[in-house]
Amino acid sequence: MKIKDLLQKIDYISFNGNEEISCSGITNNSKEIKENYIFVALKGEKFDGHDFIDEAISLGANTVVSERKPKLSKNVNWIRVKDARDTLWKISTLLYDNPGSRIKIVGVTGTNGKTTTTHLIEHIFKNAGFQTGLLGTIYSRWGEKLIPASMTTPESPQINSMLKEMADEGITICVMEVSSHSLCMKRVDGLNFKSAVFTNLTHDHLDFHKNMKSYFEAKKRLFYLLDKKEGYGVINIDDLWGRKLLKEIQAPFLSYGFVKEAHIFPLSYNLSSEGIEAEISTPSGIIELSSPLLGKPNLYNILASIGVAITFNLGRDEIKRAIKEFKGVKGRFELVENSLGFKVMVDYAHSDDSLKNLLETVSELKPKRIIVVFGAGGDRDKKKRPKMGEVAGRLADKLIITSDNPRSEDPISIIKEIEVGVKKSGNKNYDVIPDRRKAIYKAISIAEEGDFVILAGKGHEEYQIIGNQKIPFSDREVAKSALEERNARA
């Protein structure tokens, strides 16, 4: 597409250069630049895109978009704009032929449950015969393609590029996790969502959002991106913020929860170590279902998924069959197989609320003891650390406090902040083992028949971030090694 064609469709302050030049792509990451790309200089929390303009040009950028004047050679275009981030998504949409108009998009937002809910929705659509795609925390996938994710919701150029590939390959429905960061940063602006799910809102990411009100306002933006003609909200009304959301949006919606005033709620249910059995009341009639997923949080995920399926007019039998066949998601309530008489679970719980849900769910399964290995990420919301310690101390029998992804922080300092909450809970049965591998080995070495060992915080992640390095590390693989070692000694 030629620059002059883009200029006709975006707001800009001034243009310098040759408008007959063609561009083949757009990015705000200088490392992704290819020949004849547009580079958009964004000022972030840690880095300023203006500092990478020279690098972008050396790699082939022929046009720079920025809010302030850069130093450029004569053969490079410059588009000055008022809002570079706004321009990023607008040009991305134009360059990739507005792919969001060719695919029905389902967005799932909330603090907890996004990954399992998106995977379950994707599975229901696949089971019903649709060609589907998924964009999320673990990976993006469609057809035979699987792309590991670096963030929950990519930047708008990546989203539009992938949606275009999906549409070109015949994908008709894309299910995506939509983070609060992405909503604040306009990464999903320009997309028309057919359905938007709100799972819940609990204390997290307040290092970025500063307070719960701002966090909520970010999540709420998704519901203003619903398609004006056929968009539907699917909202958890057991959550106080979900109830607030209902009062503030104009879009039609289906509510879900455990209260009878919800459109979708369980008439009865049974939670066991074998899974979930439930009778669900819906606007389409009663659905009697069984699922191998564990616990009440997963029943919430199921209710949300049913809501989306109903907005697409899927039948009850299609929904029921798909839910029964869905085995879960890597790193979410994931059991590590072993024959030693106790259970080992890997989960992504990394906030006080998600840890509370996890431990309460396991408590309902009546284990002999709950042994939990957990830490907290560095360079992230510090206020949740003592809260996580207090929750773990209150709900677990044995704690092993360890390192998560310390990033640039001192792991011991993070652990001490967690300990404040543990001491508040009154639980004195805890160890501090900063080395996460040793902590996992310790937990598995002391587990007895009937116990439940929980490895919380990292879930699907295959690395540990220490300083600026990503070091290969998987809770699941370390647990397998520890189990094999103990089994060999048995």
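Modeller: Happy to! Keep in mind that this is a predicted model. Let's start with helix H4, residues 114–127, and helix H10, residues 296–311: their axes come within 9 Å and cross at roughly 45°. An angle between 35 and 65 degrees is neither roughly parallel nor roughly perpendicular, so H4 is oblique to H10. The crossing of H4 past H10 is right-handed.

Now look at who touches whom. From H4, the contact uses Thr-116, Thr-117, Leu-120, Ile-121, Ile-124 and Phe-125. H10 answers with Asn-298, Asn-301, Ile-302, Ala-304, Ser-305, Val-308 and Ala-309.

For comparison, turn to helix H15, residues 436–446, and helix H16, residues 475–489. Their axes also come within 9 Å and cross at roughly 45°, so H15 and H16 are oblique to each other. Their crossing is right-handed. On the H15 side, the contact residues include Arg-436, Arg-437, Ile-440 and Tyr-441, while those of H16 include Asp-475, Val-478, Glu-485 and Arg-486. Here the contact of H15 with H16 has eight nonpolar, two polar and five charged residues.

Before you leave, visit the second largest pocket, which holds about 250 Å³ of space. It is lined by 14 residues, and the closest to its centre are Pro-292, Leu-293, Leu-294, Lys-327 and Phe-333. The lining of this pocket divides into six nonpolar, four polar and four charged residues.

Key
Residues numbered from 1 in each chain as written. Predicted model: local features only at pLDDT ≥ 70, side-chain atom pairs only at ≥ 80, totals over all residues. Heavy atoms only, no water. Axes fitted to C-alpha atoms, helices over the stretch in contact; angles between N-to-C directions. Helix = DSSP H or I, 4+ residues; strand = E, 2+ residues; numbered from the N terminus. Parallel < 35°, antiparallel > 145°, perpendicular 65-115°, else oblique. Left-handed = near helix turned anticlockwise from the far one by under 90°. Contact = heavy atoms within 4.5 Å. Nonpolar A, V, L, I, M, F, W, Y, C, P; charged D, E, K, R; others polar. 1 Å grid on protein atoms, 1.4 Å probe; cavity = no way out; pocket = protein on both sides within 12 Å on 5 of 7 lines; lining within 4 Å. Points joined across faces, edges and corners; volume = space filled by probe spheres on them.
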